[in-house]
Amino acid sequence: MDIIQIVGLGLIATFLALVVKEQKPMFAFLLTVFVGVVIFLFLVDEITKIITMLEQIATNAQINMVYLQTILKIIGIAYIAEFGAQIAKDAGQAAIATKIELAGKILILVMAIPILTAVIEMVLALLPTS
């Protein structure tokens, strides 16, 4: 799906949600969530292409795949947390959105610890010993 189609779908859904919101706020919220999921599903093929390309680059560069998988998981956590937080904000639940964002940041930090440890060990190995 092309960006023009995605933006068009988003704008139509926005207009419909604004019209319906006054009569049926719950339906408007469900419409918003549904369109968000549909847009994400349209992008799954592109995401797959990106992951395949990154795996090929990592293989050619002889990078340990564990690091690439960890980075991809971190990116996934960031996007999912942002998506969830935006849905919570759309529902008028800013406090819950903030907690979702906090949880995402903490999970990202937990996932990044092995990479940070490897970088620190590499730097320490480069330092001269007395």
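First, a term: a crossing is left-handed if the near helix is turned anticlockwise from the far one by less than a right angle, and right-handed if clockwise. The crossing of α2 and α3 is right-handed. Helices here are DSSP runs (H or I, at least four residues), numbered from the N terminus.

Some ground rules. This is a predicted model, where local features need pLDDT of at least 70, side-chain atom pairs count only at pLDDT 80 or more, and totals for chains, interfaces and linings use all residues. Residues are numbered from 1 along each chain as its sequence is written, and side-chain values use heavy atoms, with hydrogens and water left out.

Back to that pair. The axes of α2 (25-60) and α3 (residues 65-90) come within 12 Å and cross at roughly 165°. Axes are lines fitted to C-alpha atoms, for helices over the stretch in contact, with angles from 0 to 180 degrees between N-to-C directions. The two are therefore roughly antiparallel, a label for angles over 145 degrees. Contact means heavy atoms within 4.5 Å. On the α2 side, the contacts include F29, V33 and L54; on the α3 side, they include L68, L72 and F83.

Now α1. Which residues of α1 are buried? I6, G10, A13, A17 and V20. Buried means under 20% relative accessible area, exposed over 50%, with a 1.4 Å probe and protein chains only. What covers those residues includes α2. The face turned away carries exposed I4, L11, I12, F15 and L18.

Last, the loop between α1 and α2 holds Q23. Q23 counts as exposed, because its relative accessibility is 67%.

Terms used:
Angles under 35 degrees count as roughly parallel, over 145 as roughly antiparallel, 65 to 115 as roughly perpendicular and the rest as oblique.
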